[in-house]
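Me: Hi! Could you walk me through this model while I have it open?

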Amino acid sequence: MSTETSERFTLPEGAATGVGSMPGGDAREAARVATEAVGALPYLPELPARGPGADMIGRTLGLLVDLYARVEPSGWRFGDRPGRDTKRARAWLGEDLDALEEFTQGHQGPLKIQAVGPWTLAAAVELHGGEAALRDPGAVRDLTASLAEGLTAHLADVRRRVPGARLLLQLDEPGLTAVLRGQVRTASGYRTHRAVDRAVVEGALRDLAGAARAAGAAVSVHSCAPDVPFALLRRAGVDGISFDFDLLTERDWDAFGEAAEAGLALFAGVVPGTDAPLSDPAGSVSGVRALWRRLGLAPGALGAAVALTPSCGLAGASPAYARAALVHCAKAARSLVDNPE
């Protein structure tokens, strides 16, 4: 029986969360920080420092159904059978889920998990001949279908572990703009793959969002690259968009405002992802307040429409800074509620 719902995902007021990756290799410590430091919107951490299979590409490849990949000198490449790299990715994900389950006992409310979206995955994984899967539309379709099936099972597993959670699946698509612009390089490095039609890109994301909703989860898309395609993502029917706020330019403002007015959850990255001085929390969101005001959006809606995050993952940060950055985001998010103007 489908658990799909037409209800729009809503953020807790004054929400903060992480993007995904954390430093180090201690799953329990990462889960503790990812649940305690942000409060109302905990998330499942990724620990890429452990090696291939713990990175976001490898972890997502481990979720695929009837598709397998291995690490080659050039990167991840599809193979014919599950090997040690697939087994390692699945084992690390199981370890991370065990830790998350331990620290979310009794949790009621939103819980975010992450997986790489189909377009960044297709640009990052090679076919047998060495070119990116992006080159072959049939391979992309197979990859998207396998990913949808794998994510359905993954969401069911998380729901069993944290039965009170309202799940939010974040699709990581840092390569999306490059795919749309034809900027993904071929194996030789001398050429680029042809730009993918925007309707095709939108359709694949819509299909994945539909599969996630049928499994009872909302869907957001994250990109810490410039020129996030807000309008395309909104048309694809996602529930939220996550981005590096400092990379927004004036040409993005209207699309940002339209997404806000459409009721999408907006995840604004406002804190550096690597060690840096942290200013007053309220000062970190002065740009968010200013843009909200410039667009003429209702001030009282700001704290429930925008969640705060680091600008991207925290894998390159020190453990102390990673925790401090998340705590800082939580305090800054509270300031949007207490002082929206």
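This is a predicted model: local features need pLDDT of at least 70, side-chain atom pairs count only at pLDDT 80 or more; totals for chains, interfaces and linings use all residues.

Me: Good. How many residues does the largest nonpolar core have?
Reply: The largest nonpolar core has 100 residues, and those with the most contacts inside it are Trp 119, Phe 243 and Leu 308. A nonpolar core here is a set of buried Ala, Val, Leu, Ile, Met, Phe, Trp, Tyr and Cys residues joined through side-chain atoms within 4.5 Å. Buried means under 20% relative accessible area, exposed over 50%, and partly exposed in between, with a 1.4 Å probe and protein chains only.

Me: Which helix gives the largest share of this core?
Reply: Helix α13 (residues 319–338) does, with 8 residues. Helices (H or I, at least four residues) and strands (E, at least two) are DSSP runs, numbered from the N terminus. There is also a second, separate core of 9 residues, which includes Leu 11, Ala 15, Ala 265 and Phe 267.

Me: And what is Leu 308 in contact with?
Reply: Leaving aside neighbours within four places in sequence, Leu 308 is in contact with Ala 15, Ala 16, Thr 17, Ala 268, Val 270, Val 285, Cys 329, Ala 332, Ala 333 and Leu 336. Contact means heavy atoms within 4.5 Å.

Me: New topic: how many cavities of 30 Å³ or more does a search of the whole structure find?
Reply: The search finds 1 cavity of that size, and about 30 Å³ of space lies in the largest cavity. On a 1 Å grid over the protein atoms alone, a cavity is a set of points where a 1.4 Å probe fits but cannot get out; a pocket is an open set with protein on both sides within 12 Å along at least five of seven lines, and lining residues have an atom within 4 Å of a point. Grid points are joined across faces, edges and corners, and a volume is the space filled by probe spheres set on the points.

Me: Which residues line the largest cavity?
Reply: The lining is Ala 225, Pro 226, Asp 227, Val 228, Phe 243, Asp 244, Leu 247, Leu 248 and Asp 252. These divide into 6 nonpolar, no polar and 3 charged. Ala, Val, Leu, Ile, Met, Phe, Trp, Tyr, Cys and Pro count as nonpolar, Asp, Glu, Lys and Arg as charged, and the others, Gly among them, as polar.

Me: What about phi of Asp 66?
Reply: Phi of Asp 66 is near 65 degrees, again positive, but Asp 66 counts as exposed at 61% relative accessibility. Its place is the loop between α2 (56–61) and β1 (68–72).

Me: And how much space lies in the largest pocket?
Reply: About 270 Å³. Its lining includes Trp 119, Arg 135, His 193 and Asp 197, and the largest share, 3 residues, comes from α5.

Me: Last one: where does Glu 126 lie?
Reply: Glu 126 lies in the loop between α4 (118–124) and α5 (137–161), and it is buried, with a relative accessible area of 11%. A polar contact of 2.8 Å joins its side chain to that of Ser 74. Such a contact is a pair of N or O atoms within 3.5 Å; within protein, one must be able to donate a hydrogen and the other to accept it, and residues adjacent in sequence count only if both atoms are side-chain atoms.

Methods. Residues are numbered from 1 along each chain as its sequence is written. Side-chain values use heavy atoms; hydrogens and water are left out.
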